Amino acid sequence: MTSPKSPGMNRRQALFSIGTAAAATGLATTGRAAELHGFPHETAMSADHLPVPAHRGGSFRILTDETDRATLKAAFDRLIPADDQGPSASEAGCLEFLDDQLSRPYGEGAALYLDGPMNREREAAIMGAAQVFATPRDRYAAGLPALEAYAQATDGAAFAALSPDRIDEILTGLEAGEIDLGDDVDGQAFFELMLQNAREGYLADPLYGGNRDMAGWKMIGFPGARYDFRPYIEKRGEELNLTPVSLIPND
Amino acid sequence: MANERPKADVVIVGLGWAGSVMAEELTRAGLNVVAIERGAWRDTSTDFPPAVDPDELRWHTRRELLQPMSVETTTFRNKTGQTAAPVRNWNAFQFGWNVGGAGTHWAGMSWRFLPWDFEVATQTAERYGEARLDSLMAEGLQLQDWGVTYEEMAPYYDRFERIAGTSGKAGNLNGERIKGGNVFEGPRERDYPTPELKDTNWMRMYRETTEGMGYNPFTIPAGNISQSYVNPLGVTMGPCTYCGFCDFHGCGNFSKSSPQACILPALMRRPNFTVLTETEVLHAVKHEDGKTVKGVQFVTRDGEEGFQPADVVCITAYQMDNVRLMLLSGIGEQYDPTTMKGTIGRNYSYQTCSSVTGFFSGAKMNPFIGGGALGVQIDDYNGDNFDHADLDFIGGAGIMGYSTNGRPIANMNGIRPGNKRWGSEWKEAYARDYQEVANIFCQGTSMPTRDAYLSLDPTYKDRHGQPLLRLTFDWNRNDKSMIDFATEKAIEIMKEAGGEDLMVDNQAEAAWNPYKQHSSHTIGGLVMGSDPSTSALNPYLQSWDCHNVFSVGASAFPNNGGYNPTLTVGALAVRAARAIHETYINNPGPLVEA
Ligand SMILES: Cc1cc2nc3c(=O)[nH]c(=O)nc-3n(C[C@H](O)[C@H](O)[C@H](O)COP(=O)(O)OP(=O)(O)OC[C@H]3O[C@@H](n4cnc5c(N)ncnc54)[C@H](O)[C@@H]3O)c2cc1C
Ligand code: SF4
């Protein structure tokens, strides 16, 4: 081995190497192990902790199949429809949000433990519910076509062409575990994944491509990334009317 | 040995709370210390400043500060005989993996345990009779004292509170009970370093309600500092802004007690301190005689292995990894639940919890005003603070009304029961209930049993091919009765406060599993005590089996109190480090005769 001690490396280089190499990979850090003496005085942000805004420009990078996207939009817009409370999931950017999330380490399942042996029944029995055996990207790649195939088989139409009531009925069936989407897709787990991601997109910082105009935050009255509530804590029970603040300036 | 580094006086394995407290004590005493930390260097201004920290999706939902399961996970089963499964996705275990450990992303509730918690066996027998203790033991509980009393721990608690800058109000100053503080706490010599935090709307309601019911509410002692403060190491902390992005997040304001905010600025400047980051210790290496270790074998991020020799090895890698590293190093004997022989892995316990949610029509709770440790608690039903003579359990729970956060994704199911989690029905419910919901949490004791333990998994491995740690655990009858009792009290309080449409989540109602549970407080497995046949460590946290190995963490607790663990971990770290530099270094050998 070269000793983990790199005598030629000063603190700046050590930190720099931690930060930049890390940004390139899924898990938080790579690069050389660093030997640190003395307090690192550098003030530049670690590259792998800088906020990374969602990819912009209108093109989809993971959800590239048009039918899949239409299926997803139809499902998302029933999970979060447009109404008096605010825009629909797709109007708020939740499809772009999901596409971007799936392009990140989250989509690759970088944090998951996916080593075998894998035994669905035994693991589900011990863990009280189905465990996850695939990355979110793969789960969408299998789940969306399965949903479309289900609609074609039961209704003879595209999922996206079904009436809102019929989509609600299918979503309700999935949620209750009463609809079988085939051997490769656990319908109930796929429903939970879509519901989780749709609502994440609606409620996460607009930095990530969803929650457009902070519509999700305005719906509930969450003031966002303000970070200092000392002036307000003693206004107990008062309506504070705080305009929400995002990590990125308003477009 | 190849790739051998220069010898250190002490090597610290894991630079989180316990590791940094020990390194500070030991370097101040002049010892040459090398810390080896699996995660990266992280600091306030470079890694979680205010422009980065208030990002719920990244830090809370995706848990990007935490140690991923792909790096190391745990396997789990409810009972011996089952084949355990690996925990594949995010779950109740929320391990740290950066310099600072879980001490960077913790919430900051900063409790001293009750005097009773240290002597459950003795005090149960004294107060309720030997027969009561015998019947609990016959039922399967494995009760034993810690080998250290609250009185002996008090000075170490005091030291850690001063370093961490804990906010709070004393409830027992040298035996004098003070209303407004926790009148049930053990005696303390002086008040907290900084005053208690302010009340949110819900805390004020909870305080007034419980006071009206005859209870003794107090503000939870907090590692969210209430005003600027300079600690004994000369490090300055700034006031908490009630930012509401605390647990799972770092703190951008230098306000959260953490190794970063309280210790590292002083420790890193000491010439006799070195830290190797992104370097994982694989195991300790024993001398031929098996009575001591020579140092630790490690692997860098790049996969290069090396050896760090040292006179003393301190294992401070968090409760689970402390146990795992002892087993991987072959130090001591694996506990066996059938023969009850062996001490490594013995006395695992958890935290028995429930929560009660209520809704207040028309209220403005403004839940986004929050802090990780922000809450009001009553301890009237914690520990042995109430008479158990006519109850069918021992132990109890702290019952708190809390205001930790109003993060929108985390709270999206906090809607009145009967409403759908999607569609316009969800939107309408969430738009209304976000401001109207309030929570009470019961954080209860957990008693060890013969059947709950840790061992190495025979099948599943980590990324380096080493066996994962396997947990065998389920709720015991005593703890279930205890939390049923505490939950009833919490329901009464919620109703009295005016909460409606109650939702009750009693976590002990169904079999334990790591996805259903919420508490990160895993306890025991490498416990301290005065009897080497039932404890792995002596009362100075020194291994009975290898006298130059010390291990500090919640792994050392023989049972869990109705509190979060960290102040006790920090206090034990001070105690162990002082034993090392005041006694052990000059005269290496067992500090207590077996
Ligand atoms: C979300 C959350 C909220 C919490 N809130 C509270 C609270 O309010 N109050 C409270 O008292 N406690 C709380 N805790 C618990 C608290 O964080 C821990 O009790 C505390 O950090 C334990 O200190 P430690 O030194 O034992 O471990 P840590 O601080 O986690 O440090 C252990 C370090 O060891 C490193 N390590 C592990 N294995 C190896 C290896 N093989 N080689 C090298 N390094 C290794 C890890 O990367 C880590 O940095 C909370 C925890 C979480 C996750
Ligand atoms: S609540 Fe206070 S201590 Fe916690 S992160 Fe925010 S400012 Fe820091």
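How many helices and strands are there in chain B? Chain B has 14 helices and 21 strands, where helices (H or I, at least four residues) and strands (E, at least two) are DSSP runs numbered from the N terminus. The radius of gyration of chain B, taken over C-alpha atoms, is 23 Å, close to the 25 Å that the globule rule gives for 594 residues, so chain B is as compact as a globular protein of that length. That rule is 2.2 Å times the number of residues to the power 0.38.

Before going further, a word on the model and its labels. This is a predicted model, in which local features need pLDDT of at least 70 and side-chain atom pairs count only at pLDDT 80 or more, while totals for chains, interfaces and linings use all residues. Residues are numbered from 1 along each chain as its sequence is written, chains are lettered from A and ligands numbered from 1 in the order in which they are written, and side-chain values use heavy atoms, leaving out hydrogens and water.

Now let us look at chain B as a whole. Its C-alpha atoms fill a box of roughly 70 × 60 × 50 Å along the principal axes. Of its 594 residues, 70% count as buried, meaning under 20% relative accessible area with a 1.4 Å probe and protein chains only; exposed means over 50%, and partly exposed lies in between. Among contacts (heavy atoms within 4.5 Å) between residues at least 6 apart in sequence, 74% join residues at least 24 apart.

Next comes the partner chain. The contact takes 99 residues from chain B and 98 residues from chain A. About 8,300 Å² is buried between the two chains, with carbon and sulfur atoms giving 59% of it; this is the accessible area (1.4 Å probe) that two parts lose on being put together, summed over both. In chain B, Arg88(B), Trp422(B) and Lys427(B) lose the most area to chain A, together 11% of what that side buries.

His60(B) sits in helix 3 (residues 56–61) of chain B and counts as buried, at 15% relative accessibility. Leaving aside neighbours within four places in sequence, its contacts include Asp55(B), Asp247(B) and Arg407(B). Lys286(B) belongs to strand 11 (residues 279–286) and is partly exposed, with a relative accessible area of 32%. Not counting residues up to four places away in sequence, Lys286(B) touches several residues, among them Thr292(B), Ser329(B) and Cys546(B).
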